[in-house]
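Please examine the sequence and the model together before reading on. The account below moves from the overall fold to individual residues.

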Amino acid sequence: MAESTIDQHPLTGWDKPDLDLSKADWRSGSRGLGDVQIAFVEGFIAMRNGGSPQNPSLIFTPAEWGAFVLGAREGEFDLT
């Protein structure tokens, strides 16, 4: 398999800091039943795949997190 490199550039209008998640206190987002983990860091919420923690994390503002959770509760997202 050939190696590939993808350059990542900040999104226009991206107003979230580059958070240091290396010492974050990751917790299961589903009471230990799934792979989703969340951490609260510097006023933001980070979410990652606990089965692949080396992959990038999603970063939410509190308002974005609230909208995400509300959508999940209403069935908009399948968190399993």
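This is a predicted model: local features need pLDDT of at least 70, side-chain atom pairs count only at pLDDT 80 or more; totals for chains, interfaces and linings use all residues.

Residues are numbered from 1 along each chain as its sequence is written, and side-chain values use heavy atoms, with hydrogens and water left out.

The secondary structure of the chain comprises 1 helix and 4 strands; these are DSSP runs numbered from the N terminus, with helices (H or I) of at least four residues and strands (E) of at least two. Along the sequence, the elements follow the pattern β-β-β-β-α. Of the 80 residues in the chain, 26% are buried, where buried means under 20% relative accessible area, exposed means over 50%, and partly exposed lies in between (1.4 Å probe, protein chains only).

The 4 strands form an open sheet in the order 1-2-3-4, with antiparallel pairing; two strands count as paired if DSSP finds at least two bridges between them. At the edges are strand 1 (27–28) and strand 4 (58–60), each of which pairs on one side only. Strands of a sheet pair through backbone hydrogen bonds, either parallel or antiparallel.

The individual pairings can be followed across the sheet. Strand 1 is joined to strand 2 by 2 bridges, and R27 stands opposite I38 in strand 2. Strand 2 (residues 36–41) and strand 3 (residues 44–49) pair over 6 bridges in the antiparallel sense. Within this pairing, I38 has M47 as its bridge partner in strand 3, F40 has I45, and V41 stands opposite F44. The hairpin of these two strands has 2 residues between the strands, and E42 takes a positive phi near 50 degrees there. Strand 3 and strand 4 are also antiparallel and are joined by 3 bridges, with A46 opposite I59 in strand 4.

Helix 1 (residues 62–73) lies across strand 2, strand 3 and strand 4, running at about 105 degrees to strand 4. Such angles run from 0 to 180 degrees between N-to-C directions, the axes being lines fitted to C-alpha atoms, for helices over the stretch in contact.

The largest nonpolar core has 9 residues: L19, L21, A24, W26, A39, V41, F44, A46 and I59. A nonpolar core is a set of buried Ala, Val, Leu, Ile, Met, Phe, Trp, Tyr and Cys residues joined through side-chain atoms within 4.5 Å. Strand 2 and strand 3 are the elements that give two or more residues to this core. Apart from this core lies another, of 6 residues, among them I38, I45, M47 and F60. In soluble globular proteins, nonpolar side chains tend to be buried together. Leaving aside neighbours within four places in sequence, A46 is in contact (heavy atoms within 4.5 Å) with L21, W26, Q37, I38, A39, L58 and I59.

The aromatic residues come next. There are 3 aromatic pairs, counted where ring centres of Phe, Tyr and Trp (its six-membered ring) lie within 6.5 Å; planes under 30 degrees apart count as stacked, over 60 as edge-to-face and the rest as tilted. The rings of F60 and W65 have centres 5.2 Å apart and planes at 70 degrees, so this pair is edge-to-face.

Finally, the model contains 1 salt bridge, defined as a side-chain nitrogen of Lys or Arg within 4 Å of a carboxyl oxygen of Asp or Glu. This salt bridge joins D25 and R27, whose closest N and O atoms are 2.8 Å apart. D25 counts as partly exposed because its relative accessibility is 47%, whereas R27, with a relative accessible area of 52%, is exposed.
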